[in-house]
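Subject: Structure handover, salt bridges

Hello,

Please find the structure below.

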Amino acid sequence: MTNIKISVPDDSAIESTSYEPLPAGDYELEIVSVDFKAFGDASKFAGEPGLNFQFKSSTNRRIYKLIPLFAVNEQSPKGAVQFVQMSRVSLVRALGITNAVLVNDYASLVGKTVTATISVQERRDMPGTKQNQIVSFK
C-alpha cells in the first residue's frame, strides 16, 4: 500500500464566516455577471424580460438583482413605474450608460462597480430567513 501524505487543512480562517445579510446601507458593489432571464411565475411581471445581475461586495457577498427590460409609461401601474425607476433607471444613471448599452452590450458591464442602497428583508420562499435586496443604485 502506498503511503500518501496529506496536510491537514486549517479551517480556523473560515470559522467566523457568516451568512447573515449585510446590514442595510450603501455599498460599493462589483458586477460579477449579467445574463438574460425572464421574471418568474410568482412575480407580478411573470414572463417579462430582464437582465439578472450578480453583484459582489468587498466582503465577497453575492447579491442578485433582476433588472426589468420591459417598457413602462403613464398608463402603467404605479408599482411597475417605481420598480423600473428604482432598478433600471437608477442603474443606468449610476453606471453613466444608456439603455442601448444596457441591452446590447451588457457583457461590457462585468467588472464595473456601482454604489447600491441595500435593505434587509424576509425571504418570501423561506419565512423567518432574512436576505439582502438592492433597493436602488446611486
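This is a predicted model: local features need pLDDT of at least 70, side-chain atom pairs count only at pLDDT 80 or more; totals for chains, interfaces and linings use all residues.

Residues are numbered from 1 along each chain as its sequence is written, and side-chain values use heavy atoms, with hydrogens and water left out.

A salt bridge here is a side-chain nitrogen of Lys or Arg within 4 Å of a carboxyl oxygen of Asp or Glu. By this rule there are 3 salt bridges.

Lys 138 pairs with Asp 26, with 2.6 Å between the closest N and O atoms. This pair links distant parts of the chain, 112 residues apart: Asp 26 is in strand E1 (residues 25–38), and Lys 138 is in the segment after strand E5 (130–137). Strands (E, at least two residues) are DSSP runs, numbered from the N terminus. Lys 138 is exposed, at 55% relative accessible area, whereas Asp 26 is partly exposed at 42%. Exposed means over 50% relative accessible area, buried under 20%, and partly exposed in between (1.4 Å probe, protein chains only).

Lys 56 forms a salt bridge with Glu 30, the closest N and O atoms being 3.9 Å apart. This pair also links distant parts of the chain, from Lys 56 in strand E2 (residues 49–56) to Glu 30 in strand E1, 26 residues apart. Lys 56 is partly exposed at 24%, and Glu 30 is partly exposed at 30%.

Arg 123 bridges to Asp 125, with the closest N and O atoms 2.7 Å apart. Arg 123 is partly exposed at 26%, while Asp 125 is exposed at 55%.

Regards

Notes. Helices (H or I, at least four residues) and strands (E, at least two) are DSSP runs, numbered from the N terminus.
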